[in-house]
Amino acid sequence: MDAPKPEAQNSVPDRDNPNVPEAGGGFPVIQYWAEKTLSPDGVKLWQTLTHKSACLSCAWGTGGQKGGFTNELGEGIQRCMKSVEAIVAELQPGLQPHFFQQYSITELQQLNSQEADRLGRLSFPVILRAGQSHYERISWDEVYEIAAAAFRKPPERVASYSSGRSSNEAAFLLQLMLRAMGSNNLADCSDLCHAPSTVGLKQMFGSGTSMVSLESLKQSDCVVMIGSNAPANHPRLMNELIEIRDRGGKVIVINPAIEVGLVKFASPAFPIKSLLSGGTDISSLYLQPVPGSDTALLIGIQKALIEQNLVQWDYLKTHTEGWGAVIDRARSTDWETITSACGVSQDEIQLAAQMIGTSKAVVFAWAMGITHHENGTENVLTIANTALMTGNAGKPGAGTMPIRGHSNVQGFGSMGVTVRLKQQIQQALEKLLGKPLSRVQGYDARVLMEAADQDQVDTLLCLGGNFYAANPDLNQAKRALGNIDTIFYVATKPNLGHFHGLARQNTLILPVFNRFENPHKTTTESGNNFVRLNDEGKSHLNGQDADLTSEIELLTEIAHRIQGTDPIDWRKLQDTRYVRQLIAKTIPGYEAIAQIDDTKEEFTIADRVFNEPKFPTASGKAKMFVTQIPELTLPTLEDFGVTEAKQAIVLTLGTGRSYSQHNTVVYKPNDKYRGMPHRNCILMNRSDAEKAGFQEHQRVTVQGDAGKLENVEIIFGGIREGAAMMFYPEVNVIFKAKIDPQSGTPAYKRVPVAVYA
């Protein structure tokens with residue numbers, strides 16, 4: 001057997017792909033806006049864009065009481081193309097009454113993600129019963145009868161899964177309902193993406209969210225952007241990076257792939273600059289480490305800071321604990337170990353350290369390129385260690401800033417939808433319910449899937465999201481969900497989970513209003529701890545044989561059918577104003593929500609944004625942790641059983657979203673900014689392809705440890721040697737991800753694969 005394949009050296013970005021534009025954003029965004037807003041549905045789109053509700057897309061979105069185009073500081077023109085894509089999808093016509101009679105489940109299983117989303121809005125409840133070939137329409141009375149029976153199962157066999165598509169009020173009611181039943185099985189999409197940030201930051205700072213507000217970010221003169229494709233997933237953040245560069249600041253990008261928008265970006269918020277100059281240079285320095293080696297690179301930056309005498313010693317001694325061991329680890333780790341692990345040269349690392357150490361206020365920002373690893377929590381700890389070594393935590397313009405995905409994914413965690421419930425919230429809930437909560441450890445998203453695979457779950461309520469497609473090993477996901485007796489999918493549009501994640505007995509799809517249609521006011525929380533108030537709305541589906549409900553009414557009615565009025569009058573909680581009163585009494589930092597209906601004053605959550613180095617820990621100091629450089633090896637072709645292929649190579653695959661995609665929802669099949677013409681592509685470095693004897697556009701097989709995809713087209717791009725990228729969720733079928741033991745998050749960004757002809 002051959003020795004494990006070593007990781008390759010850092011590559012020069014491939015800028016020769018003629019299909020890749022010179023900048024992110026730009027004219028294609030403006031063209032899309034014009035196309036959609038001038039369409040026959042343009043009036044409805046503009047009405048929604050100006051509605052006083054938070055953006056449906058990312059946690060950096062705008063909206064609320066300041067207006068649809070306005071951020072929390074009152075700045076306008078802050079909508080992005082991703083926001084429009086999400087709204088356009090929600091404004092689709094409703095499914096026709098005969099739709100599910102016409103198409104069998106076998107036919108619906110042939111659809112891809114984009115085709116499923118384009119079917120239209122869900123507009124009436126349906127059920128797929130065991131042994132039947134078609135979903136059939138069902139009354140809400142029967143829905144509640146089935147729910148009442150399903151949720152009376154033993155509490156340890158009842159679970160929920162949720163996404164950040166919903167409101168704070170719905171999230172609060174979801175966790176209150178399950179905990180009142182005795183279940184702590186509150187899995188959430190953040191378990192699959194952001195848990196390492198929450199777990200790591202809570203250990204260090206006593207708070208698991210961003211310590212940087214938008215106002216604070218505007219005072220920064222350096223941003224270190226790690227493992228994030230913000231131009232695609234959080235376009236509004238690009239406006240802040242443009243302003244940082246315009247005022248002479250620096251942006252250091254750390255990413256194995258060259259994302260064109262992180263090199264140069266043209267934002268519609270700056271139309272003259274975008275059109276005349278083609279955009280703004282974003283990255284001052286772009287580093288391409290080996291996937292999974294971020295801890296090695298960051299320890300290298302720490303070592304360089306020590307050698308360049310750029311460590312803030314007084315800050316460490318006064319405001320941190322455990323700093324000595326962290327310094328010793330960085331100082332004693334030799335450069336050969338660091339550079340061979342991360343694939344970035346000593347000169348580049350020293351330059352990054354010099355840029356960070358000589359800046360006045362540095363923000364360290366990251367996304368799933370950091371968290372989607374087997375050592376995701378250690379990656380977060382190492383970033384925070386670096387921030388503390390330079391005194392960049394607890395002052396304006398500086399700090400740690402995890403970038404969240406869904407528009408209200410952080411709000412769900414704040415409301416208690418988590419398996420790591422704060423003791424303070426637990427005590428408040430026990431007082432509210434008049435009884436102790438269960439102390440049985442709940443299932444996070446991956447543990448829930450494993451439990452279902454072991455036939456340990458009877459009932460599952462999915463409040464938004466796509467639990468099936470978001471998981472690795474889709475064959476396991478299908479099998480596991482098939483072991484659950486009853487699954488309730490609460491959604492606005494069809495997705496692949498509704499057709500593949502089928503329960504053993506009853507699968508129900510329950511249509512609800514989206515955020516700008518709700519008949520009551522709701523709130524959401526941004527990734528920077530800002531709470532927005534969403535006005536009531538009206539659905540365009542009204543009068544089209546539609547039979548929708550709100551999530552608030554759905555959850556409270558299920559709870560009422562099971563628990564009646566003791567200890568809570570659940571139907572009284574259909575008044576979201578009353579729910580906000582309970583949130584104010586229960587959730588730390590949310591006290592101001594009690595007055596939001598009267599004052600309309602949106603607010604930043606208390607005790608999360610740190611403008612001075614005093615942290616909510618036992619000592620008031622930040623706690624630093626020694627982290628380990630991971631041993632990164634790859635299996636051989638022989639390990640994959642690929643022994644006879646003349647053209648073959650083993651690569652580290654990272655899964656990612658395309659530019660026109662929101663989580664598992666695909667809006668367009670191609671990716672203009674990476675030059676990938678369809679979903680069944682693999683982005684490779686030209687040198688890797690030539691080494692294996694491949695040509696661009698050649699069709700190959702890509703094999704993981706759980707399956708393989710065939711007829712995959714090779715596309716050359718600016719990704720470092722030894723690494724590759726394919727689109728999530730389609731590629732999830734081929735691998736079983738390793739799990740971060742501290743957070744439970746899968747390693748989607750480091751998947752060993754064999755690529756062969």
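Predicted model: local features only at pLDDT ≥ 70, side-chain atom pairs only at ≥ 80, totals over all residues.
Which residues in α15 meet which residues in α21?

1. Helix α15 (residues 294-307) and helix α21 (residues 376-389) pack with their axes 9 Å apart, at an angle of about 15°. Angles under 35 degrees count as roughly parallel, and α15 and α21 are therefore described as roughly parallel to each other. The crossing of α15 past α21 is left-handed. On the α15 side, the residues involved are Asp294, Thr295, Leu298, Ile299, Ile301, Gln302, Leu305 and Ile306. They meet Glu378, Asn379, Thr382, Ile383, Asn385, Thr386 and Met389 in α21.

2. From α24, the contact is made by Arg446, Met449, Glu450, Ala452 and Asp453; from α26, Gln476, Ala477, Arg479 and Ala480 take part.

3. Helix α8 spans residues 168-181 and has 14 residues. From its first C-alpha to its last, α8 reaches 20 Å, close to the 20 Å expected at 1.5 Å a residue. Because 14 of the 14 residues of α8 are buried, the helix is largely enclosed by the rest of the structure. Just after α8 comes Gly182, which takes a positive phi of about 100°.

4. Leu241 is located in helix α12 (residues 235-246). Its relative accessibility is 1%, and Leu241 therefore counts as buried, the cut-off being under 20%. Neighbours within four places in sequence aside, Leu241 is in contact with Val223, Met225, Val251 and Ile282. Val531 lies 290 residues from Leu241 along the chain, and the C-alpha atoms of these two residues are separated by 23 Å.

5. Gln703 belongs to strand β25 (residues 699-703). Is Gln703 buried or exposed? At 15% relative accessibility, Gln703 counts as buried. A polar atom of the Gln703 side chain lies 2.9 Å from the backbone oxygen of Phe640.

Key:
Residues numbered from 1 in each chain as written. Heavy atoms only, no water. Helix = DSSP H or I, 4+ residues; strand = E, 2+ residues; numbered from the N terminus. Buried < 20%, exposed > 50% of the residue type's maximum accessible area, 1.4 Å probe, protein only. Polar contact = N/O pair within 3.5 Å; in protein donor to acceptor, adjacent residues only side chain to side chain. Expected span 1.5 Å × (residues − 1). Contact = heavy atoms within 4.5 Å. Axes fitted to C-alpha atoms, helices over the stretch in contact; angles between N-to-C directions. Parallel < 35°, antiparallel > 145°, perpendicular 65-115°, else oblique. Left-handed = near helix turned anticlockwise from the far one by under 90°.
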